[in-house]
Amino acid sequence: CGLGRTVGTTGQLDPEGIDRALAALARFRGLTRALGIANVDAVATAAVREASNGDYFIERAEHLCGARISILSGQDEARYAAEGVLAGFPEADGIVGDLGGGSLELVDIANGRYGEGVTLPVGPLRLMDLSGNDIGKARKLVTEAFSKMDWKPEKSAKNFYAVGGNWRNLARMHMHGEDYPLRILQAYSVRRSEAVEIARVVSGQSAKSLERVPEISRKRLETLPYAALVLEKTLETVGASKMVISAYGVREGLLYARLTDEERKVDPLLSWSRGVGRRLGRFPEHGEELERFTAPLFKTGPLMTADRDERRLHQAACHLSDMAWRIHPDYRSQHVLTEILRAPMSGIDHPGRVYLGLAVANRYRSGLGTGDHDHVLALLDEDRSHRASDVGLALRLGHTISAGAPKLVTGFRLKPEPGMLTLLVPSAKRDLLGEVVAKRLSALARAMGVEADIQVSDV
């Protein structure tokens with residue numbers, strides 16, 4: 001809404017911004033009432049905190065919201081921005097930077113925790129106001145603000161987690177320039193040198209010249225060069241090796257901060273996968289059964305080289321492996337690949353999405369014909385691509401044994417050994433064997449580069 005557009009020079013919230021914000025809040029109140037929402041939390045940030053007419057605005061806004069509005073301190077903004085990043089990256093390690101219209105919040109983050117943050121008065125709207133829309137003067141203001149900063153990162157940052165609409169637009173421009181095949185901003189990463197380069201290019205452009213770039217939100221045209229200035233200086237200061245985009249910020253952080261310690265320990269990817277499995281699969285317990293059936297491949301088989309993250313992807317694939325049973329058989333593999341690549345999930349990077357999609361797609365069709373997805377699959381290295389396919393073939397075997405029904409695959413065991421993959425079959429379930437089971441086992445063994453064998457046991 002541009003509330004802070006004039007705070008720097010007049011000390012007051014922008015009149016047009018106030019009108020737009022109040023109109024939006026009136027709409028939100030109508031929506032919350034229609035949806036039967038009883039508890040509404042509302043917060044205000046830097047512009048309202050610093051404006052002389054901030055209290056007047058809050059009084060009117062609270063009347064429209066029908067709820068109390070909390071004014072966050074700079075430390076609160078930094079803390080909730082960090083909480084938002086943790087919601088999407090539970091193992092985040094680096095520096096979080098949240099750029100709003102009036103300020104930038106920076107905070108250390110590692111091991112699920114965050115340190116003390118700092119607030120700098122370098123939001124794009126403030127810079128435009130104080131510099132009179134002069135990018136050269138704005139650059140001096142940014143340099144001055146950083147030089148006075150009494151905060152330093154606790155250590156050299158591994159990642160810089162960028163939060164805020166302006167920085168997301170810079171990342172979208174980079175995607176466009178790279179012809180990147182997966183247009184999802186959450187977890188999109190850019191090498192530091194490339195992020196600095198695009199920041200320098202954009203900071204030298206006018207709003208008029210940026211109009212020709214199709215990936216930029218029209219609302220960001222004026223502010224983007226100033227946001228680019230701040231990004232360049234921030235990366236110079238924190239020294240991170242790459243910039244990682246977080247689509248989650250203060251808003252999501254407010255929700256994440258409510259969770260108990262136990263709830264925060266839950267893996268968001270596995271939680272999402274189990275939820276989808278329950279909604280779209282036929283039998284919710286089948287995912288756990290398939291985990292147990294395929295687990296030996298990660299203990300002694302060719303998948304034992306997989307790291308912890310890859311084992312998470314294996315677990316997720318088990319729970320998603322029945323998600324397309326309602327889809328026509330000829331389209332199931334393509335359907336699940338598209339769904340997983342584009343799903344609104346967190347706790348996963350872009351190569352992880354490809355791994356997960358490839359595994360579940362191969363559960364439905366061996367030797368997946370990828371078609372339009374070839375360029376996306378290139379985001380995954382060859383070794384992990386092969387392992388993802390192996391996971392899919394193992395799931396295909398499990399589903400073939402059980403016909404997708406619960407409890408039938410229980411008791412069957414995969415036994416990987418040098419040069420051999422054996423399927424151990426309980427004698428009580430030997431009737432479930434057949435030509436198609438042998439065929440699926442052979443396909444998995446062949447992909448692993450070993451021979452296949454079936455043994456019936458009384459165990």
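The model is a predicted one, so local features need pLDDT of at least 70 and side-chain atom pairs count only at pLDDT 80 or more, while totals for chains, interfaces and linings use all residues. Residues are numbered from 1 along each chain as its sequence is written, and side-chain values use heavy atoms, with hydrogens and water left out.

**Entry 1: the whole protein**

I looked up the contacts between residues at least 6 apart in sequence, and 73% of them join residues at least 24 apart. I then listed the secondary structure and found 22 helices and 11 strands. These are DSSP runs numbered from the N terminus, with helices being H or I of at least four residues and strands E of at least two.

The C-alpha atoms fill a box of roughly 85 × 50 × 40 Å along the principal axes. For burial I used under 20% relative accessible area as buried, over 50% as exposed and anything in between as partly exposed, with a 1.4 Å probe and protein chains only. On that basis 51% of the 459 residues are buried.

I noted an accessible surface of about 21900 Å², of which carbon and sulfur atoms hold 49%. Areas are from the Shrake-Rupley method with a 1.4 Å probe, and for residues only the protein chains shown count as cover.

For charges I counted Lys and Arg as positive and Asp and Glu as negative, leaving out His and the chain ends. Each charge was placed at NZ of Lys, CZ of Arg, CG of Asp or CD of Glu. The mean positions of the 61 positive and 59 negative charges are 3 Å apart.

**Entry 2: helix α4**

Helix α4 covers residues 54-65, and its 12 residues reach 16 Å from first C-alpha to last, close to the 16 Å expected. The expected span is 1.5 Å times one less than the number of residues.

Which residues of α4 are buried? I found G54, F57, I58, A61 and C65. Down the axis of α4 these buried residues fall within an arc of 100 degrees, so they line one face of the helix. The arc is that of the directions from the helix axis to the C-beta atoms. As a reminder to myself, an α-helix has 3.6 residues a turn, so residues three or four places apart point the same way.

On the other side of α4, D55, E59 and H63 are exposed. The cover over the buried residues of α4 includes α2 (15-34), β1 (42-44), α3 (46-50) and β2 (69-71).

Just after α4, G66 takes a positive phi of about 70 degrees. G66 sits in the loop between α4 and β2 and is exposed at 57% relative accessibility. I also checked G66 against R29: they are 37 residues apart along the chain, with their C-alpha atoms separated by 7.4 Å.

Helix α5 (residues 74-88) has 15 residues and reaches 22 Å, close to the 21 Å expected. I found α5 mostly covered, with 12 of its 15 residues buried, among them E77, Y80 and E83.

**Entry 3: two positive phi values outside glycine**

D179 is not a glycine, yet has a positive phi of about 55 degrees. D179 lies in the loop between α8 (165-178) and β7 (189-191). Is D179 buried or exposed? D179 is exposed, with a relative accessible area of 61%.

K407, also not a glycine, has a positive phi of about 75 degrees. I located K407 in the loop between α21 (382-402) and β9 (413-417), where K407 counts as exposed at 60% relative accessibility.

Technical notes
Contact = heavy atoms within 4.5 Å.
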